[in-house]
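Me: Please take a close look at one contact surface in this model. Then walk me from there through the rest, in one go.

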Amino acid sequence: MDKLETMWDVCLRKNIKRRSFLKSCAALTSIMGLNMDMLSKVVAAAEKNPLPVVIWLHGHECTGCDESFLRSATPLTSDLVLNSIALEYSHALSAAAGEPFEEHLHQTMQQYAGKYILAVEGAVATAENGIYCMTGGKPFVSVLKEVAKNAAVIIEYGACATSGGIQAAKPNPTGSVSVREIVGNSKPIVKVPGCPPIPEVMTGVVMHYALFGKLPPLDNEGRPKQFYGNRIHDTCYRRPFFDTGMFAENFDDAGSKAGWCLYKLGCRGPVTYNSCGNLRWWNGLSYPIQSGHGCIGCSNDHFWDEDPFYKRLPEYGPILGDVDKIGAAAVGLTTAGVALHGAMSVVQKKKRQAAEEKSDGKKVE
Amino acid sequence: MKRVVVDPITRIEGHLRVEVKVDEATGKVEDALSSGTAWRGLELIMNDRDPRDGWAYIQRICGVCTTAHALGCLRAVEDALGITIPKNANYIRNIMAGVQSVQDHVIHFYHLHALDWVSPVEALKADPVATAAMQNTVLSAYKVNVTGPESLDTEAYPKEFPKATPEYYQKIQKKVKDIVESGQLGIFAAQWWDHPDFQILPPEVHLLGIAHYLEMLDKQREIVTSHVVFGGKNPHPHYIVGGMPCSISMDDMNAPVNTERLAIVDRSINTTINLMNDFYVPDVLAIGKMYVDKGYVDGGGMAKERVLGFGDYPDEPYTGTTNGDFHKNLLYRCNGIVEDFGKGLDAAKFYDFKAEDLSDPEVLNEGVEHSWYEYPGAEGKDLHPWDGVTKAKYTGPKEGTKTDWKTLDEDGKYSWLKTPKWRGKMAEVGPLSRYIIIYTKIKKGLITDPTWVEKMIMDQIEAVSKVLNLAPEVWMPTMVGRTATRALEAQVHAYVAKYYFNKLIKNIKAGDTKVADTTKWDPKTWPKECKGVGLYEAPRGALSHWVVIKDGKIANYQAIVPTTWNACPRDNKGDHGAYEKAMMDTKVKIPDKPLEILKVVRSFDPCMACSTHLYNAEGKKIKIVTTDPYLRTNQE
Amino acid sequence: MIMHEEPRKVYYLFSPFLRIFHWTMVICISFLFTTGLLITKPASGGVSMEPTFGNILLSLDLIRNIHFIAAFIFVAAFILRIYGFVINKGDRLFPRVWKAEFWQSMIEVSMHYMLLKPSHRPYLRNPLARMSYVGLYSMVFIEIFTGFAMYLMVNPNGFGAKFFGWTIGIFGSEFMIHLIHHYIAWAIMLFVIGHVYMAIRADFMEREGEISSMFSGVKILEHEPVDVGEIMDKESSDTFSDRKPLHAGQQETKM
């Protein structure tokens, strides 16, 4: 991403006269609901280097990602939102509603065209032209396309934005899909999965940009490597119990009390990439496994259709049940079939030999 | 007459739209419609899932009141399967529910609602020295001192206390100034800061409000620390059917819960109580007092006519909800319906709500006359949740196209919310409703042995009535009352968490460490078919979850959530729901800047994604007030 | 009763490389399958134990390491298979699906195995068996790719993950990869049963030295096989026919 230009830079680049620049500053002043005696300050501000601008959109979601964002301790959300970024549009936090806010957003999108960060929380409902998620009287899908067009980078926050989330679970009545499926790969997309993602992971992505002036390094799926670089299983403090073969067999049994591995209670840690095992929640306080419940794999694509959550292989058989039981039955049946076939083959051979002997006898005669 | 549309409404959960007809001469709202503009189909997604997983799915209805739906679902499934959870699990769940309600209320007031009351622009005019003095006045005049239940006194002195130092307010003011001068207002951008309602409060209150906005933003996470200890994370902590996954052991180093973990929970609850006593309640009362003194006692609407509650906080484990056991040992017995509270206590009528009512198809049901759904084979009927059908039928707006609305059709279908009814009538739910019910029940002698929670509520109401110098029937069913009772309730919830923490410690001390009953974990132990209901008093009001389990799978799932009660579209008789009624009970000063409408809608703490429209009855000039950039083309 | 003392011919077919590979595969698959089952459904250690003193036999760490080592040996043994393929025509078992004759043979052999035909024409490498090997190799390749995807995604940014990680994308998620890996393992077991049975059957019923061929590399046939041209030139075939016929049951010890 390029360094953000000031409003005055934009005017210079576009060869706009100082007078027009001042005029737009005046418009901006009134849009911001400020008195005209603030104009000189606004003009001064427009000539300074601004903070990275963030526009945050909401699709089909539960607002849990906003809540998670607010829970961040390092950085504190207040510090981030007031000092490191300019969160110009957010359904959750923005003071405004109504026409002036709309004007403000439009202005923001124009002024920072190609430079703003678009954060999206929630899935995109596509069934029946998107009427299952209407915002501002229009389908969210069309809103997203419009705002994405001039974004410098898109951050997909949470399972809904990264893979459709809960509403995309079978039978997906609203035809919900991820943001990437709508905007394609034309823009850099940072994928921050989780239901919700860990607070410090959410703010960390933005903080990285604020501190280093560029996006954090991403893996081939677009996830920040520093937050999704390992499986929970490979960073879990209960891993030694797995390795030694010490498992909780039921909830609240001796193994559960001793804090043994939850693999047999369906833990998805072995297939889930997230920072739960090392960052943990509340700056290292706990994470689901530490609190005695297996991971449900909430940062995996389409994890909602990998239920039931309390079953792992071999009990997890989405089609017919316990895979090992099915396998053993199939082996039994095959063996029986083979034995039967063998017996019948012997009978057939005897018959053939008898027939051959008969014909041989005839030949001899 | 002018029709104004606001879509989407910000600082809420989800997608909401409202349209109101305003008489420009008097500012009176003649008609209002509220429309939930998104449908995610979670009821359909629940079908055929394992009931033990249900809580995780349905918890994702909402991440703001995260846990409310998980608890509703667990209670419904446990009711269906006949599971009684162990004592410790009951205490832990109640701690989590208590702090969740507090945190939710705090986020609502300071971060979703406050910027309708206080303005950073006004805060610039404040004198930091006077603000520090005002902080002291607020603490001395507006604290509601309550005596909590008997519990372990583990805190030496309050750790969280409002700062009343001029320099602190100078720094806050400087930060606000820097932001305003930077031209990048961020979250403070583009509110109607010049609206006359922002002149009601003196500048010092604005600066105080902004300071506490920021302070609570940093602190609110500490309120729900117990979710992270017991449930592993927040939002969306983990539970299990039959109890809690967090085993307790003092004999194992790796146990999810041990002394140190309990100390973390205790610290967080103490912090929570501090924040309620010294920040939230005094702040709300101080602001509320100034509003009430200037005559703002409108926005009551449905609260004056009918409120509903189910009751909550089972003191000890219970065997089921449908068998009536749930209602036998509640701490917060707000189960019932109060009609006509606005006409005074004497005229108010009370109707009890009992377990039998849950299975009676005539008592609770939902209609879809004005909702984008249909009931095939049962057109025009109201269906009981166990027989509920969720089948979408989108008809589009009155004006505009299906994908580009201008105005919605108040005579036809216009919302993704159903219309829930109690005996054929709509009702308001929420903290205000619960307070009205408890107050009425006690004053009318229906509760003769109030629990400590109920006593505390009565004390609070009395104290506030004294401060406001108004009778409860007057100040409670108003927009200010709705916001004030939420703050008072948060204070109660904080002590509820402390109370159950105390019980948890006592029970562990007595040698009981069981947190889960897994005797019915295996689906083979379940009946072939069973039904259950889970009741829960969520932060936004009475919540009920309804489940039908067949052959070990969920066969039907319906939830009637508080916001459905409040934000529902009108019924077949044209009667309005709580949002619509409250808007119609609100005066709008400037139709183009309907701050009052937003404020009254937000006083319900909407939990949906929605939008509001104010529109011109003659259809001449439609003024669309929107927070959404893409409506530009629609305008004028 | 008349005893048949029919003249039989010996055909050298399988290179030692293929034979070593075959038995390596047998051993590895046995280990992989057993340890695989234990990984999905581990035996549990008792209560009141500390990890350090855990029973080594229950150690998933050990079981997983056996699984991984067996997998590496298996994959390494493929080099032998490929070398044999290059130097020896007899090792080339890919079915000649592009030839009509192959399909006719398929039908003929199938008819016999369905007990509808008393016998089938003699083959060095039975077309039905050759088709089943395609199935086996496909399954083995799926196991290798899914297995390495799981193994190497420990470091998703590493070189190995780039090489195999894409497999996960094909099947949707890593959880599904575990499932597929497990289902295919069972399918391979079903193949094993059929394969062992057919080998024994051919050996006992047709006395073609099927089992011994995997040790000696030769098969002994009564009649000239239909597909003899695939493994030798005309001349060498002649050389074979010039040789003194061996009797059934006699084994050639030449490697």
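Reply: Across the interface of chain C and chain A, the rule finds 16 residue pairs in polar contact, both residues at pLDDT 80 or more. A polar contact here is a pair of N or O atoms within 3.5 Å; within protein, one must be able to donate a hydrogen and the other to accept it, and residues adjacent in sequence count only if both atoms are side-chain atoms. Five helices of chain C each supply at least two residues to the side that touches chain A: H1 (16-40), H2 (60-87), H3 (100-113), H4 (127-152) and H7 (174-206). H7(C) gives the most, with 15 residues. By class, this side of chain C has 30 nonpolar, 15 polar and seven charged residues. The classes work like this: Ala, Val, Leu, Ile, Met, Phe, Trp, Tyr, Cys and Pro are nonpolar, Asp, Glu, Lys and Arg are charged, and the others, Gly among them, are polar. Helices (H or I, at least four residues) and strands (E, at least two) are DSSP runs, numbered from the N terminus.

Before going on, a word on the basis. This is a predicted model, in which local features need pLDDT of at least 70, side-chain atom pairs count only at pLDDT 80 or more, and totals for chains, interfaces and linings use all residues. Residues are numbered from 1 along each chain as its sequence is written, chains are lettered from A and ligands numbered from 1 in the order in which they are written, and side-chain values use heavy atoms, with hydrogens and water left out.

Chain C brings 52 residues to the contact and chain A brings 54; contact means heavy atoms within 4.5 Å. The size of an interface is often given as the accessible area lost when the parts come together. For chain C and chain A, the buried area is about 4,600 Å², and carbon and sulfur atoms give 62% of that. Buried area is the accessible area (1.4 Å probe) that two parts lose on being put together, summed over both.

Salt bridges come next. The rule finds two across the interface of chain C and chain A. A salt bridge needs a side-chain nitrogen of Lys or Arg within 4 Å of a carboxyl oxygen of Asp or Glu. Lys41(C) and Glu315(A) form one through their side chains, at 3.6 Å from N to O.

Now the other partner of chain A. Two pairs of chains are in contact, and chains A and B share the most contacts. Chain B puts 109 residues against 103 residues of chain A. Together they bury about 9,200 Å², 59% of it on carbon and sulfur atoms. Three salt bridges cross the interface of chain B and chain A. Arg49(B) and Asp307(A) meet in a salt bridge of 3.2 Å, N to O. Polar contacts between chain B and chain A number 48 residue pairs, both residues at pLDDT 80 or more. Helix H8 (203-223) of chain B provides the largest share of the side that touches chain A, six residues. That side of chain B divides into 54 nonpolar, 30 polar and 25 charged residues. Chain B and chain C are joined by no contact, and their closest C-alpha atoms lie 10 Å apart.

Chain A itself has 15 helices and nine strands. It splits into domain 1 (51-228), domain 2 (240-312) and domain 3 (323-365), with bounds from an automatic or database domain assignment. The centres of domain 1 and domain 2 of chain A, taken over C-alpha atoms, are 28 Å apart. There, 27 residues of domain 1 of chain A are in contact with 17 residues of domain 2. The area buried between these two domains of chain A is about 1,700 Å², with 59% from carbon and sulfur atoms. One salt bridge crosses between domain 1 and domain 2 of chain A. Lys191(A) forms a salt bridge with Asp301(A), the closest N and O atoms being 3.2 Å apart.

Last, one residue inside chain A. Ile155(A) sits in strand S7 (151-157) of chain A. Ile155(A) is buried, with a relative accessible area of 4%. Buried means under 20% relative accessible area, exposed over 50%, and partly exposed in between (1.4 Å probe, protein chains only). Beyond its neighbours within four places in sequence, Ile155(A) is in contact with residues including Ile117(A), Leu118(A), Val190(A) and Val206(A). Ile189(A) is 34 residues from Ile155(A) in sequence, and their C-alpha atoms are 5.8 Å apart.
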